[in-house]
Amino acid sequence: MCDQNQCLQVKGHLVLSMALISLEDLDGLDDDQLDDDITDNPEPMGEEDRDRLLTHWQAVASTHHVSVPPEMMAPIQEMTRNHQQREPLPFTPVSCHEKMGEVLYEERLYPAGHWACVTKGEDLYEQSISMGFMKLMRFICNENSAGRYLGMTVPVVTAVLVDGGALRKDVQTNYFLPAEFQTRPPQPSDPDVTIMYREPIRVIARTFFGSTTEETLTQQRRLLWDVLGVTADLRRDQFMVAAYENPGVAHRRNEIWFLRRDP
């Protein structure tokens with residue numbers, strides 16, 4: 001077992017990205033793409049800055065085999081201006097298991113609450129995640145009954161279903177509503193975005209580094225089962241994925257989450 005401080009240290013650093021267009025792509029902006037005047041300036045962007053920002057997102061999108069539609073420009077600008085203001089999703093550490101100084105897995109309890117969810121089933125895993133998150137971006141920025149920017153929470157959680165050992169194409173991208181909106185959730189304008197209330201979830205989390213392709217997720221899922229051994233109290237029909245750095249980081253940190261069955 002590791003000490004509680006080691007288990008707690010990730011709580012303040014929960015930021016998520018997949019191999020997708022996501023909030024964390026904003027963290028990968030370098031001097032050759034965008035500068036601090038764009039990402040830190042609360043004033044409306046000029047045409048040149050908007051063009052540079054759109055070019056960056058289009059370049060990211062091309063690596064995930066998706067395109068950026070024109071209606072994404074306003075949400076992209078809003079996310080860019082607010083990319084340093086994020087509300088971490090709280091959790092309670094349950095246990096932390098290690099072997100020879102290496103953390104094998106952690107168990108955590110995430111709270112009940114309202115989530116905005118989008119399910120997509122494209123040909124590629126990366127396409128489903130990217131297209132789902134773009135819909136969530138529009139909901140977060142202004143396509144909601146509150147008519148305002150809601151604020152970003154991290155991490156965004158991706159739920160993956162398993163059928164006969166294979167990953168299903170329909171994956172669900174989930175955004176936990178900020179504390180301000182948990183009591184009275186704003187309603188989405190897009191019928192593809194659904195507000196769901198979920199009971200607390202208890203997860204087994206294992207860290208891995210690198211990409212999050214379908215092949216990688218299948219391998220990492222198998223490795224975690226090998227570590228845990230035979231156990232009947234974990235779901236085998238679904239798992240979740242979290243990542244902690246942007247797609248531009250070659251050795252980025254991710255996690256596989258297994259879910260405890262309901263008692």
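User: Is Met100 buried or exposed?
Analyst: Met100 is exposed, because its relative accessible area is 82%, and exposed means over 50%. Keep in mind that this is a predicted model.

User: Where does Met100 lie?
Analyst: In the loop between β2 and β3 (102-110).

User: And what is phi of Met100?
Analyst: Near 55°. That is a positive value in a residue other than glycine.

User: Another loop, then. Where does Leu89 lie?
Analyst: Leu89 is in the loop between β1 (86-88) and β2 (92-99).

User: Buried or exposed?
Analyst: Leu89 counts as buried, because its relative accessibility is 2% and the cut-off is under 20%.

User: What separates the C-alpha atoms of Leu89 and Tyr110?
Analyst: A distance of 7.9 Å. Along the chain, Leu89 and Tyr110 are 21 residues apart.

User: Which peptide bond is cis?
Analyst: The one from Val154 to Pro155 is cis, with omega near 5°. Pro155 sits in the loop between β5 (152-154) and β6 (157-163).

User: Step back to the whole chain. How many helices and strands?
Analyst: Six helices and twelve strands. The chain has 263 residues, and 50% of them count as buried.

User: What about contacts between residues at least 6 apart in sequence?
Analyst: Of those contacts, 74% join residues at least 24 apart.

User: On to the inside. How many residues does the largest nonpolar core have?
Analyst: It has 20 residues. Those with the most contacts inside it are Met79, Ala116, Phe139, Ile140, Met152 and Tyr175.

User: Which elements each supply at least two residues of this core?
Analyst: α4 (73-81), β4 (113-120) and α5 (125-141). The largest share comes from α5, with seven residues.

User: Pockets now. What volume does the largest pocket have?
Analyst: About 320 Å³. Its lining has 16 residues. Ile201, Arg235, Leu259, Arg260 and Asp262 lie nearest the centre.

User: Which elements give two or more residues to that lining?
Analyst: β10 (201-209), β11 (234-243) and β12 (253-260). β11 gives the most, with three residues.

User: How does the lining of the largest pocket split by class?
Analyst: Seven residues are nonpolar, two polar and seven charged.

User: How many cavities of 30 Å³ or more?
Analyst: The structure holds two.

User: Which residues line the second largest cavity?
Analyst: Trp115, Val157, Asn174, Arg198, Ile201 and Met240. By class, that lining divides into four nonpolar, one polar and one charged. Ile201 is in this cavity lining, and Ile201 is also listed with the residues nearest the centre of the largest pocket.

Conventions: Residues numbered from 1 in each chain as written. Predicted model: local features only at pLDDT ≥ 70, side-chain atom pairs only at ≥ 80, totals over all residues. Heavy atoms only, no water. 1 Å grid on protein atoms, 1.4 Å probe; cavity = no way out; pocket = protein on both sides within 12 Å on 5 of 7 lines; lining within 4 Å. Points joined across faces, edges and corners; volume = space filled by probe spheres on them. Helix = DSSP H or I, 4+ residues; strand = E, 2+ residues; numbered from the N terminus. Nonpolar A, V, L, I, M, F, W, Y, C, P; charged D, E, K, R; others polar. Buried < 20%, exposed > 50% of the residue type's maximum accessible area, 1.4 Å probe, protein only. Contact = heavy atoms within 4.5 Å. Core = buried A, V, L, I, M, F, W, Y, C linked by side-chain atoms within 4.5 Å.
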